Amino acid sequence: MRALVVDHSEAGPVRFADVDEPKPSAGEALVEIRHIGLNLGELKYAEQWPAGAVHSHDAAGVVVRAAADGSGPPEGTRVALGMAPYAWAERVAVSPEWLGTVPEGVESADAAALGVAGVTALRVLRRSSVLARHVLITGAGGGVGHFAVQLAALAGARVTALVGSPDRAAGLRELGAGRVMSDLADIEDQFDFVLDTVGGPRLAQVWGLLAEGGAIHLVGLASGQDTTFPQGSLFGFGEPRTINTYGDMSPTSKDMTDLLGLMAAGRLSARIGLRGDWKAVDDAIGALFARKVHGKIVLDVT
């Protein structure tokens with residue numbers, strides 16, 4: 001069967017290859033993949049995966065053989081894979097703990113866009129109550145940002161969306177942002193909670209806007225730059241301010257089920273900025289790296 005595997009050469013980060021058919025264990029379902037979802041991090045840092053390994057995590061498809069031990073969804077069920085290993089292949093053997101059942105009314109392509117971005121946004125925002133709190137989402141024009149804006153607004157937050165340039169602001173107010181900004185110099189408020197996907201110099205600026213007792217949660221490093229804090233900026237009186245890292249790779253089935261339920265209820269949407277055939281994966285990756293896509297990229301497995 002065909003799959004996208006990790007390529008450490010200059011032609012990478014992935015290439016098509018013929019690989020062996022998966023052999024599910026008793027606790028794994030066999031899923032025929034129909035769509036894959038791309039994320040910046042797993043492609044930008046593909047050298048962290050073994051060369052030749054089937055790559056990536058997010059996809060959607062149909063169960064063609066249920067797990068032999070009776071766990072998980074039955075044959076014929078539409079499913080979405082979130083953070084699952086080896087997802088970018090025509091067929092995947094996967095434990096049900098990484099699967100969410102796609103409900104009626106939700107397109108499989110939209111479900112494929114959830115995975116890493118949706119689960120990350122959900123898990124970080126669940127760590128603290130944001131009800132009636134002032135929340136800042138940086139990198140709001142990206143995949144995690146689009147979901148975080150919606151989920152924070154659903155949770156009752158006053159949401160400010162920060163984007164890298166004005167052209168990446170499109171649609172964020174409709175998703176729940178009360179304010180969309182591209183320049184921190186225009187912001188005078190203080191924030192109770194920050195979900196940061198960017199890092200770099202902007203993180204140090206955001207720290208200066210954090211209220212007493214506030215928290216920054218780091219979920220990405222889209223800037224690719226170091227962060228240097230001005231002398232004395234990490235000292236202060238009053239309630240402690242915190243910076244928290246994120247790296248939760250635990251099974252995602254429950255989170256995917258929650259997110260898909262919100263989609264089915266019309267309360268969460270996947271902003272797909274590019275949809276195409278997986279044969280054009282190189283062009284899609286180029287557009288992702290060049291920041292030309294607003295929202296998620298989903299490719300159809302044909």
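Where helices α3 and α4 meet, Ala-117, Gly-118, Thr-120, Ala-121, Leu-122 and Leu-125 of α3 are in contact (heavy atoms within 4.5 Å) with Gly-143, Val-144, Phe-147, Ala-148, Leu-151 and Ala-152 of α4. By class, this contact has 9 nonpolar, 3 polar and no charged residues, where Ala, Val, Leu, Ile, Met, Phe, Trp, Tyr, Cys and Pro count as nonpolar, Asp, Glu, Lys and Arg as charged, and the others, Gly among them, as polar. This is a predicted model, in which local features need pLDDT of at least 70 and side-chain atom pairs count only at pLDDT 80 or more, while totals for chains, interfaces and linings use all residues. Residues are numbered from 1 along each chain as its sequence is written, and side-chain values use heavy atoms, with hydrogens and water left out.

Helices here are DSSP runs (H or I, at least four residues), numbered from the N terminus. The axes of α3 (residues 115–126) and α4 (residues 143–154) come within 8 Å and cross at roughly 45 degrees, these axes being lines fitted to C-alpha atoms over the stretch in contact, with angles running from 0 to 180 degrees between N-to-C directions. The two helices are therefore oblique to each other, since angles under 35 degrees count as roughly parallel, over 145 as roughly antiparallel, 65 to 115 as roughly perpendicular and the rest as oblique.

Turning to helix α2 (residues 108–112), we find Ala-111 within it, and this residue counts as buried because its relative accessibility is 0%; buried means under 20% relative accessible area, exposed over 50% and partly exposed in between, with a 1.4 Å probe and protein chains only. Leaving out residues up to four places away in sequence, Ala-111 touches Ala-80, Val-102, Val-106, Met-256 and Leu-260.

In soluble globular proteins, nonpolar side chains tend to be buried together. Val-206 lies in helix α6 (residues 201–207) and, setting aside residues up to four places away in sequence, touches Leu-136, Thr-138, Leu-184, Val-194 and Ile-216.
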